[in-house]
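Look at the protein chain below and follow its backbone from one end to the other. The paragraphs after it begin with a single residue and then widen to the whole fold.

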Amino acid sequence: MTYNRHLKKAPIVSLNGEPVLLFNQQQHTLLEVLEIKKVNVFSECRRGFCGACKTKIISGKVSYITEPLVELEADECLPCCCVPDSNIDLDLTTDEPSNIYVQQRRHLLVTM
């Protein structure tokens, strides 16, 4: 078997340390794949407002399909216009009621 340096392993996307999905390049952006998994990341991108989906990165790296229109810290990304370059862990520990993932996890922890 010959090693091909252009082929790389599909990144694992984790939320708060919990692996949630394998980014298999079938989706165009990180936001799309999160939405498919019913993770409600607040975004206004499709309505013309950039920066609302800003998300903290615990570990990993992303690359941008299109250049972000807002300034980002080194530990932030805009899921609407990026893809993971490596395994990535996103911080979704907000208290936003719209975050379905956080609500589901809290419900599971409370009911166990």
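Is Cys81 buried or exposed? In this predicted model, Cys81 has a relative accessible area of 8%. Residues under 20% count as buried, so Cys81 is buried. Cys81 sits in the loop between β5 (76-77) and β6. Leaving aside neighbours within four places in sequence, the contacts of Cys81 are Thr29, Ser63, Tyr64, Ile65, Thr66 and Pro68. One of these, Pro68, is 13 residues from Cys81 in sequence, while the two C-alpha atoms are 7.1 Å apart in space.

Now step back to the chain as a whole. The protein chain has two helices and seven strands, and from the N terminus on the elements follow the order β-β-α-β-β-β-β-β-α. Of its 112 residues, 33% are buried. Among contacts between residues at least 6 apart in sequence, 49% join residues at least 24 apart. The accessible surface comes to about 7600 Å², and carbon and sulfur atoms account for 54% of that surface.

The next topic is the sheet. Strands of a sheet pair through backbone hydrogen bonds, either parallel or antiparallel. Here five strands form an open sheet with mixed pairing, in the order β2-β1-β7-β3-β5. At the edges are β2 (18-22) and β5, each of which pairs on one side only.

Which residues have the most contacts inside the largest nonpolar core? They are Val13, Leu30, Leu34, Cys77 and Leu90, in a core of 21 residues. At least two core residues come from each of β1 (12-15), α1 (30-36), β6 (82-84) and β7 (88-91). The largest share, four residues, is supplied by α1. Cys77 shows what such a position looks like: not counting residues up to four places away in sequence, Cys77 touches Leu30, Cys53, Lys54, Thr55, Ile57, Val62, Tyr64, Leu72, Cys82 and Leu90.

Several cysteines have now been named, which raises a further point. How many disulfides does the structure hold? It holds zero. A disulfide is a covalent bond between the sulfur atoms of two cysteines. For Cys53, the closest cysteine sulfur belongs to Cys80 and is 3.6 Å away, so the two are too far apart for a bond. The cut-off used here is 2.5 Å between the sulfur atoms. Cys53 is buried, with a relative accessible area of 0%, whereas Cys80 is partly exposed at 22% relative accessibility.

Last comes the confidence of the prediction. The average pLDDT of the protein chain is 78, and 75% of the residues score at least 70. Two stretches can be read with this in mind.

Definitions and conventions. Residues numbered from 1 in each chain as written. Predicted model: local features only at pLDDT ≥ 70, side-chain atom pairs only at ≥ 80, totals over all residues. Heavy atoms only, no water. Core = buried A, V, L, I, M, F, W, Y, C linked by side-chain atoms within 4.5 Å. Buried < 20%, exposed > 50% of the residue type's maximum accessible area, 1.4 Å probe, protein only. Contact = heavy atoms within 4.5 Å. Pairing = 2+ DSSP bridges. pLDDT = per-residue confidence, 0-100. Areas by Shrake-Rupley, 256 points an atom, 1.4 Å probe, with all protein chains shown as cover.
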